[in-house]
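Please open the structure in your viewer and keep the selection panel at hand.

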Amino acid sequence: MAKFKPSADRILEAAEDVFARFGYGEVSLRQLMAAAGVSTTAFYARFDSKEAVMAALTTRLFGELYADAPGVLDRARDLAEGIDVGVDLLCDRFERRRPLVRLILSEAGSATAAVAARRRAYNLLAGFLAQRLAALAQRKHVALADPEALAWALVGALEIQIVRWAVWDEIDTPTLRAQLRAAARAILPPMESP
């Protein structure tokens, strides 16, 4: 029977599970390696620390979202539909990974690399939104003075709703969807008449 080489994905899957069950700060590197079923050598061949694993989990979560966003949003006929499909995409990706979202938003602040990964993800999201908003403004569909500022305002408003859902357990997933839509509509300018 051939023995396979443990992959980074296997370590990430084990980390996501043990971090969610015990908390990022409570899991030792030894526990993480045991959960993944890897040797010290195999672990260090893929990651240089527990912090690097948390950063990779953060990058992977947001990467999955960004991989699908352009295709989904390109199908939207207008801004209102773009909000709806964007919220659905975000909720669909985050719902099945809620414990990881909670970790990223609440516990990973002590992991510098994870914070940097989150910052990169937010920069990508704000840049993506700003580009979309600027295109709408250029085509005279919305009146905008500063698409980048508006994009960052939207990122912040969406994040607090996600914190209410993932960290504070204040709202359920259907309410999250409704709150994300309401926040986006409250912040975004109305569409101009053609």
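Which residues are exposed on the other side of α9? On that side, P174 and A186 are exposed, where exposed means over 50% relative accessible area, buried under 20% and partly exposed in between (1.4 Å probe, protein chains only). The model is predicted, so local features need pLDDT of at least 70 and side-chain atom pairs count only at pLDDT 80 or more, while totals for chains, interfaces and linings use all residues. Residues are numbered from 1 along each chain as its sequence is written, and side-chain values use heavy atoms, leaving out hydrogens and water.

**First stop: helix α9**

Select residues 173–187, which form helix α9; helices are DSSP runs (H or I, at least four residues) numbered from the N terminus. The buried residues here are T173, L176, R177, L180, R181, A183 and A184. They cover an arc of only 165 degrees around the axis, which puts them on the same side of α9; the arc is that of the directions from the helix axis to the C-beta atoms.

Now centre on R177, in helix α9. This residue is buried, with a relative accessible area of 17%. Leaving aside residues up to four places away in sequence, R177 touches V87, D88, C91, D92 and E95, contact meaning heavy atoms within 4.5 Å.

**Second stop: helix α5**

Select α5 alone. Its buried residues are L79, E81, G82, I83, V87, L89, L90, C91, R93 and F94. They pack against α4, α6 (98–107), α7 (112–138), α8 and α9.

Show residues 8–22 (α1) together with residues 50–74 (α4): the two helices pack at an angle of about 95 degrees, with their axes 10 Å apart. That makes α1 roughly perpendicular to α4, a term for angles of 65 to 115 degrees. Axes are lines fitted to C-alpha atoms, for helices over the stretch in contact, and angles run from 0 to 180 degrees between N-to-C directions. To view the contact, select D9, I11, L12, E13, A15, E16 and F19 in α1 with K50, V53, M54, A56, L57 and R60 in α4.

**Last stop: helix α2**

Select residues 29–36, helix α2, where L32, M33 and A36 are buried. Seen down the axis, the buried residues of α2 fall within an arc of 95 degrees, so they line one face of the helix. R30 and A34 are exposed on the other side of α2. The buried residues of α2 pack against α1, α3 (40–46) and α4. Finish at G37, which follows α2 and has a positive phi, near 70 degrees.

Notes
Parallel < 35°, antiparallel > 145°, perpendicular 65-115°, else oblique. Expected span 1.5 Å × (residues − 1).
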